[in-house]
Amino acid sequence: MARRHGGEAGTGVEITLAGDIAARAGNGAGSGWHRLRGDQVGLVFTMLTLESERGVTRDALADAVWPGRMPSAWASALRTLVSQVRTFVGRVVPAPPGGEVVAARAGRYLLQLPAGSHVDVLAAEAAVAAAQEADPERALALATPAVACLRAPF
């Protein structure tokens with residue numbers, strides 16, 4: 001799951017990665033959903049979200065954004081994409097005490113989400129895993145929202 005920092009209950013964020021990439025404050029504050037535009041910045045945000053526990057190396061991000069055709073100024077271009085992710089996330093997520101929501105540590109970028117955050121594809125993955133262990137009736141109830149989530153393009 002996503003790396004979390006402390007906070008009051010209900011202060012998490014909601015993130016959608018299937019369909020439009022978007023985020024909003026989970027406590028109802030703010031102006032609703034904020035959508036992220038751009039394929040490259042969307043890919044960086046998605047990777048940081050899905051790998052937030054371990055973080056993602058600069059090289060892994062660069063390889064994903066520019067597969068087989070790394071630009072000569074890739075490090076600078078990657079910093080720009082990460083900066084765009086920071087700006088996007090900053091609209092919704094408060095910075096953890098003494099840190100940043102998107103932090104650079106030990107050669108990796110880490111996305112630190114507040115406790116209680118919800119990521120649609122991670123929730124769908126957990127629901128499918130729970131459905132595999134449940135009786136058929138309960139499995140259907142668990143898997144139905146996951147299937148609906150995963151019908152959107154990812």
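Let me begin with threonine 49, which counts as buried because its relative accessibility is 0%, where buried means under 20% relative accessible area with a 1.4 Å probe and protein chains only. The model is predicted, so local features need pLDDT of at least 70 and side-chain atom pairs count only at pLDDT 80 or more, while totals for chains, interfaces and linings use all residues. Residues are numbered from 1 along each chain as its sequence is written, and side-chain values use heavy atoms, with hydrogens and water left out.

Threonine 49 belongs to helix H1, residues 39-50; helices here are DSSP runs of H or I with at least four residues, and strands are E runs of at least two, numbered from the N terminus. A polar atom of the threonine 49 side chain lies 2.8 Å from the backbone oxygen of phenylalanine 45. Leaving aside residues up to four places away in sequence, threonine 49 touches Ile15, Leu17, Leu111, Val119 and Leu122, contact being heavy atoms within 4.5 Å.

I turn now to the neighbouring element in this account. H1 packs with helix H2, residues 58-65, at an angle of about 140°, their axes 10 Å apart; axes are lines fitted to C-alpha atoms over the stretch in contact, and angles run from 0 to 180 degrees between N-to-C directions. On the H1 side, the contact is made by Gln40, Leu43, Val44, Met47 and Leu48, and on the H2 side by Ala60, Leu61, Ala64 and Val65.

Finally, the chain as a whole has five helices and eight strands. Of its 154 residues, 38% count as buried.

Notes
Buried < 20%, exposed > 50% of the residue type's maximum accessible area, 1.4 Å probe, protein only. Polar contact = N/O pair within 3.5 Å; in protein donor to acceptor, adjacent residues only side chain to side chain.
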